[in-house]
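Hello,

Here is the structure for you to look over. My notes on what turned up follow below.

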Amino acid sequence: MRPLTERDIRTSFVNCSKGEAKRLGLPKDFADLPWDDLDFLGWRDPGAPERAYLVADRGGRLVGIALRGTSGTSRGFTARSLCSLCLTTRTGGGVALMTARRTGEAGRQGNTVGRYLCTDLACSLYLRGKRQAAVGGDLDESLTLEEKVARTRVNLHAFLDKVAA
């Protein structure tokens with residue numbers, strides 16, 4: 001992913017008001033993000049942990065969505081959940097249901113789209129081995145890194161398309 005500016009991020013949001021986008025908290029480590037390892041930018045709001053944000057390039061245009069996440073209540077070490085984007089298996093509350101208000105009239109009526117996502121939204125880093133899931137968190141796959149990245153992007157674009165539909 002190409003490095004983004006604060007302005008790029010704030011103007012990309014499609015499912016919240018300009019005021020909400022202006023007030024959202026940027027990632028704590030914004031200046032030090034590993035842009036070359038990111039397929040999308042995702043983070044939890046440092047000031048409001050139940051809020052999360054995701055910004056991705058979709059057809060040459062940045063698309064940002066505001067998410068509401070569960071508090072990540074732990075289901076125990078043996079319970080496993082699967083992220084619907086990167087397909088990483090996580091234990092202990094590492095995956096949570098996150099919902100995004102739909103755009104347009106559907107969103108104004110309160111309609112949302114939900115997916116189970118890595119709670120820290122660091123899917124790109126898990127794919128590349130820059131972060132480790134709990135023991136046994138990686139599926140034994142024969143796919144190359146490029147194929148895993150392509151699959152994650154397809155899953156991400158499908159989610160973005162559902163939000164914007």
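Buried here means under 20% relative accessible area. The model is predicted. By that cut-off, the buried residues of α5 are Lys148, Val149, Arg151, Thr152, Leu156, His157, Phe159, Leu160 and Val163. They pack against several elements: β2, β3 (61-69), β6 (95-101), β7 (112-118) and α4 (123-127).

The length of α5 also checks out. Helix α5 covers residues 145-164, 20 residues in total. At 1.5 Å a residue, α5 should span 28 Å, and its end C-alpha atoms are 28 Å apart, which agrees.

Now the aromatics. A pair of aromatic rings is described by the distance of the centres and the angle of the planes. Ring centres must lie within 6.5 Å to pair, and planes over 60 degrees apart count as edge-to-face. By this rule there are three aromatic pairs. In one of them, Phe13 and Tyr53, the ring centres are 5.8 Å apart and the planes sit at 85°, so the pair is edge-to-face. Phe13 lies in the loop between α1 (6-11) and α2 (18-23), and Tyr53 in strand β2 (residues 48-58), so this pair ties together parts that are 40 residues apart in sequence. Phe13 counts as buried, at 10% relative accessibility. Tyr53 is buried too, with a relative accessible area of 5%.

Phe30 and Trp35 have ring centres 6.2 Å apart and planes at 90°, so that pair is edge-to-face. Both Phe30 and Trp35 are buried.

One last point on the rings: ring pairs link Phe13, Trp43 and Tyr53 into a cluster.

Best wishes

Conventions:
Residues numbered from 1 in each chain as written. Predicted model: local features only at pLDDT ≥ 70, side-chain atom pairs only at ≥ 80, totals over all residues. Heavy atoms only, no water. Phe/Tyr/Trp six-rings, centres within 6.5 Å; stacked < 30°, edge-to-face > 60°. Helix = DSSP H or I, 4+ residues; strand = E, 2+ residues; numbered from the N terminus. Buried < 20%, exposed > 50% of the residue type's maximum accessible area, 1.4 Å probe, protein only. Expected span 1.5 Å × (residues − 1). Contact = heavy atoms within 4.5 Å.
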